[in-house]
Amino acid sequence: MIPSVFLASVLAGAVVSLVHAIRVEDRTLEVISKTAASVTFVALGWIGWSAGDTVGGWLLAGLALCALGDVLLLGKRTFDPGLLAFLFGHVLYTLAFCAALPIANWPPAAALPLVFAAIATIRWLWPHLGHRRFTVAVYIAVISIMVCGGFSTWWRLALPWTAMVGALLFYLSDLAVARHRFVHPAFVNRAIGLPLYFAGQLLIALTIGM
């Protein structure tokens, strides 16, 4: 318990530092803070995982891929590899949810609002995506399935609420990323999106071993 509280505190401090670095345009502090926050949520997942925990193993692997994606997104020319790292991270989270609750047992009603949200998001972003239209459409489909899995595992009592809320916060943070990257770059996108993202990863990491 104490290591988890300590790491969660480190993560929170790193996120505050990250948002401040972006506001004052301190690139060095931004890189250090974001890397520290990403390494910390992986460490949180690691200390909760034990051999034989299949669900936790998939979640931990997803956390590691997302941390890689965070580092890649720091580069000016590595957005696409970063996007792919997050895409496969979502796939691993989805595999974790499938391991906790077979997809045949996911309530169909959980998918309906996500389908409408995905369609609305694609229509919103489509004019701005250029050559990334296919990749982003696939990404939206995958993250929607992942969120559906997080909700389903909570609804069926297969995983704690942290999985569901973590997945939802990740989804919302990606909307902020998309707005910043493709529609309207602004500090507010990152000031809102980054805390949502790291809070989501924190909750997913805490799901491991619960």
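**Note on side-chain contacts: aromatic pairs and salt bridges**

1. Arg 181 sits over the face of Phe 79, 4.0 Å from the ring centre. This is a predicted model, and every contact below should be read as a computed feature of that prediction.

2. Phe 79 also has an aromatic partner, Phe 182. The two ring centres are 6.0 Å apart and the planes stand at 85 degrees. An angle over 60 degrees counts as edge-to-face, so that is the class of this pair. Phe 79 belongs to helix H4 (residues 79-100) and Phe 182 to helix H7 (residues 161-183). The pair therefore ties together parts that are 103 residues apart in sequence. Both Phe 79 and Phe 182 are buried.

3. Phe 86 and Tyr 197 make another edge-to-face pair. Centre to centre the distance is 5.9 Å, with 80 degrees between the planes. Phe 86 is in helix H4 and Tyr 197 in helix H8 (residues 187-207), so this contact joins parts 111 residues apart in sequence. Are these two residues buried or exposed? Phe 86 has a relative accessible area of 6% and is buried. Tyr 197 has 5% and is buried as well.

4. Where does that pair lead? Ring pairs link Phe 86 and Tyr 197 with Phe 41, Tyr 93, Phe 170 and Phe 198 into a cluster. For the structure, the count of aromatic pairs comes to twelve. The two pairs described above are among them.

5. Now the charges. How many salt bridges does the structure hold? There are three. One of them joins the side chains of Arg 27 and Glu 30, at 3.4 Å from N to O. Both residues lie in helix H2 (residues 27-48). They are three residues apart, about one turn of the helix.

6. Glu 30 also meets Arg 190 in a salt bridge, with an N to O distance of 3.0 Å. Here the link is between distant parts of the chain: Glu 30 in helix H2 and Arg 190 in helix H8, 160 residues apart.

7. Glu 30 has a relative accessible area of 8%. Buried means under 20%, so Glu 30 is buried. Arg 27 is partly exposed at 41% relative accessibility. Arg 190 is partly exposed too, with a relative accessible area of 24%.

8. Asp 80 and Arg 132 form a salt bridge as well, at 2.6 Å from N to O. Asp 80 is in helix H4. Arg 132 is in the loop between helix H5 (111-129) and helix H6 (133-155). The bridge therefore ties together parts that are 52 residues apart in sequence. Which side of this pair is buried? Arg 132 is, at 14% relative accessibility. Asp 80 is partly exposed, with a relative accessible area of 33%.

9. Phe 79 lies in helix H4 and pairs with a residue of helix H7. Phe 86 of helix H4 pairs with a residue of helix H8. Asp 80, also of helix H4, bridges to the loop between helices H5 and H6.

How values were computed: Residues numbered from 1 in each chain as written. Predicted model: local features only at pLDDT ≥ 70, side-chain atom pairs only at ≥ 80, totals over all residues. Heavy atoms only, no water. Phe/Tyr/Trp six-rings, centres within 6.5 Å; stacked < 30°, edge-to-face > 60°. Helix = DSSP H or I, 4+ residues; strand = E, 2+ residues; numbered from the N terminus. Buried < 20%, exposed > 50% of the residue type's maximum accessible area, 1.4 Å probe, protein only. Lys NZ or Arg CZ within 6 Å of the ring centre and 35° of its normal. Salt bridge = Lys/Arg side-chain N within 4 Å of Asp/Glu carboxyl O.
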